[in-house]
Amino acid sequence: MNLRVFDDAEDLAHAAARTILQSGAKTIGVTGGSTPKRLYEILSQSLPQNVTWVLVDERYVPMSDPQSNAAMIERTLFARGVPKRWLCFNTALSDPAATARLFEEDWRSLGIEALDLVLLGCGDDGHTASLFPGTPVLGVEDRISSEVFVPRLEQWRVTLTLPVLRAAKLRMVLATGAAKANVIHEVREGAQHPVALATGGLESWWLVDRAAVPPE
Ligand code: 6PG
């Protein structure tokens, strides 16, 4: 596991922003969740131009809902204006399967072949994006995006699929806080959590703060 440890979440956010700016990536997958918010605020100050931004996953709620990943990203990363090439999930359709299909059509119309860089989070149950343990979406091999019902949350989600995350040139997993230490330890020991399936054997960097570093 390629683990990069930072003193705290603030250091991590600045380092991640620098890495993204220096990467020259032109197609970037952006995750929801709480961990990347600070990174997005920092990056919004010098948002790289001519980038196609792609949302990694979405909770199936309206944009006005505080849980909306797209709305969080528009408030932080795109605080100075939403770029032209921003592919997110249209939850206003009120039909998760139709939303995933429309996303795939938009992906193709934008001419996206693969993500240059994808930012990911990691749940304490080992999920990443909306690829939760034990859900059928983990077996989806022939789609760009898919709907998935997450029983644990009693919520529909839409998400990029495993093959798309694995086809990206680089994966950056962001994890902070002691609650993540156990799952990172398990992945390091070879547990086949979804986050391990999305990153294993590929160019994947784990950016973590000290609190999330698993015990030796
Ligand atoms: C989501 C995410 C999800 C997230 C992890 C980590 O929509 O919830 O995309 O995969 O990245 O749950 O979330 P935190 O950053 O809040 O710990």
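How much space lies in the largest pocket? In this predicted model, the largest pocket holds about 340 Å³ of space. Its lining comprises 22 residues, and those closest to the centre are Gly33, Arg59, Cys122, Gly123 and His127. Sorted by class, this lining consists of six nonpolar, ten polar and six charged residues.

The largest pocket is also the space that the ligand takes. Around the ligand stand 15 residues, among which Thr35, Asp57, His127, Ala129 and Lys180 come nearest. The shell around the ligand divides into two nonpolar, nine polar and four charged residues.

For His127, a side-chain N or O atom is 2.6 Å from an oxygen atom of the ligand. For Asn69, the distance between an N or O atom of the side chain and a ligand oxygen atom is 2.7 Å. Thr31 has a polar side-chain atom that lies 3.3 Å from an oxygen atom of the ligand. On its own, the ligand has 410 Å² of accessible area, of which the protein covers 88%.

The second largest pocket contains about 230 Å³ of space. It is lined by 16 residues, with Leu47, Pro48, Gln49, Asn50 and Pro83 lying nearest its centre. By class, the lining of this second pocket has seven nonpolar, six polar and three charged residues.

Technical notes: Residues are numbered from 1 along each chain as its sequence is written. This is a predicted model: local features need pLDDT of at least 70, side-chain atom pairs count only at pLDDT 80 or more; totals for chains, interfaces and linings use all residues. Side-chain values use heavy atoms; hydrogens and water are left out. On a 1 Å grid over the protein atoms alone, a cavity is a set of points where a 1.4 Å probe fits but cannot get out, and a pocket is an open set with protein on both sides within 12 Å along at least five of seven lines; lining residues have an atom within 4 Å of a point. Grid points are joined across faces, edges and corners, and a volume is the space filled by probe spheres set on the points. Ala, Val, Leu, Ile, Met, Phe, Trp, Tyr, Cys and Pro count as nonpolar, Asp, Glu, Lys and Arg as charged, and the others, Gly among them, as polar. A residue is near a molecule or strand if one of its heavy atoms lies within 4 Å of it. A polar contact is a pair of N or O atoms within 3.5 Å; within protein, one must be able to donate a hydrogen and the other to accept it, and residues adjacent in sequence count only if both atoms are side-chain atoms. Accessible areas come from the Shrake-Rupley method with a 1.4 Å probe; for residues, only the protein chains shown count as cover. A molecule sits in a cavity or pocket if more than half of its atoms lie within 2 Å of its grid points.
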